[in-house]
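Thanks for coming, everyone. Please have a look at this one with me before I start talking.

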Amino acid sequence: MADLKKLAEEIVGLTLLEAQELKTILKDEYGIEPAAGGAVMMAGPAGDGGGDAGEEQSEFDVILKSAGASKINVIKEVRAITGLGLKEAKDLVEAGGKAVKEQVSKDEAEDLKGKLEAAGAEVEIK
């Protein structure tokens, strides 16, 4: 049972890029396709709810709300930020409402927001 708990903790701690790689491995090598959004993707933000209300937030998620008019520029910027392949970056941009980068500092979140907005995207920081 301890091994399963350790595995669950490792899965929850995956970065967006690592979760994408896990999805690819499961699909290509084992024929397993995670449901849309995937349990791995949904498990990440759930850990943020446990803090005290008075405690200042130190980690932020950069959420891409929409690509705007220049979707190609936004896809290029998402690829540069995340290191995802063209198809994965395109899927992320077209889905909208997805996290581009999770659990980053406020300065990095503001920097990424500026880059994405300069490319034409609508971005939210949570």
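A word on the source. This is a predicted model: local features need pLDDT of at least 70, side-chain atom pairs count only at pLDDT 80 or more, and totals for chains, interfaces and linings use all residues. Residues are numbered from 1 along each chain as its sequence is written, and side-chain values use heavy atoms, with hydrogens and water left out.

Layout first. The protein has six helices and three strands. Those are DSSP runs, numbered from the N terminus: helices are H or I with at least four residues, strands are E with at least two. Read from the N terminus, the order is α-α-α-β-α-α-β-α-β. Of the 126 residues, 23% count as buried. Buried means under 20% relative accessible area, exposed means over 50%, and partly exposed is in between, with a 1.4 Å probe and protein chains only. Now contacts, meaning heavy atoms within 4.5 Å. Among those with a separation of 6 or more, 69% come from residues 24 or more positions apart.

Next, the core. The largest nonpolar core holds 21 residues. By that I mean buried Ala, Val, Leu, Ile, Met, Phe, Trp, Tyr and Cys residues joined through side-chain atoms within 4.5 Å. Which elements give two or more residues to this core? They are β1 (60-66), α4 (71-82), α5 (86-95), β2 (98-104) and α6 (106-118). Helix α4 gives the most, with four residues. Val74 is one of the residues with the most contacts inside the core. Leaving out neighbours within four places in sequence, Val74 is in contact with residues including Leu64, Val93 and Ala119.

Stay with α4 and find Thr82. Buried or exposed? Thr82 counts as buried, because its relative accessibility is 12%. Its side chain makes polar contacts, pairs of N or O atoms within 3.5 Å; within protein, one must be able to donate a hydrogen and the other to accept it, and residues adjacent in sequence count only if both atoms are side-chain atoms. The Thr82 side chain reaches the backbone oxygen of Val78 at 2.7 Å. A polar atom of that side chain also lies 3.2 Å from the backbone nitrogen of Leu84. Beyond four places in sequence, Thr82 touches Leu17 and Val100.

Gln20 sits in helix α2. In sequence, Gln20 and Leu84 are 64 residues apart; in space, they are 8.3 Å apart, C-alpha to C-alpha.

Gln103 is not a glycine, yet has a positive phi of about 55°.

Now charges. Side chains of opposite charge can pair when their charged atoms come close. The whole structure has five salt bridges. Here that is a side-chain nitrogen of Lys or Arg within 4 Å of a carboxyl oxygen of Asp or Glu. Take Lys65 and Glu122, at 3.8 Å, N to O. Lys65 lies in strand β1 and Glu122 in strand β3 (residues 122-125), so the pair ties together parts that are 57 residues apart in sequence.

Helix α5 has pairs four residues apart, about one turn. One is Asp91 with Lys87, at 3.0 Å. Another is Glu94 with Lys90, also bridged, at 3.0 Å.
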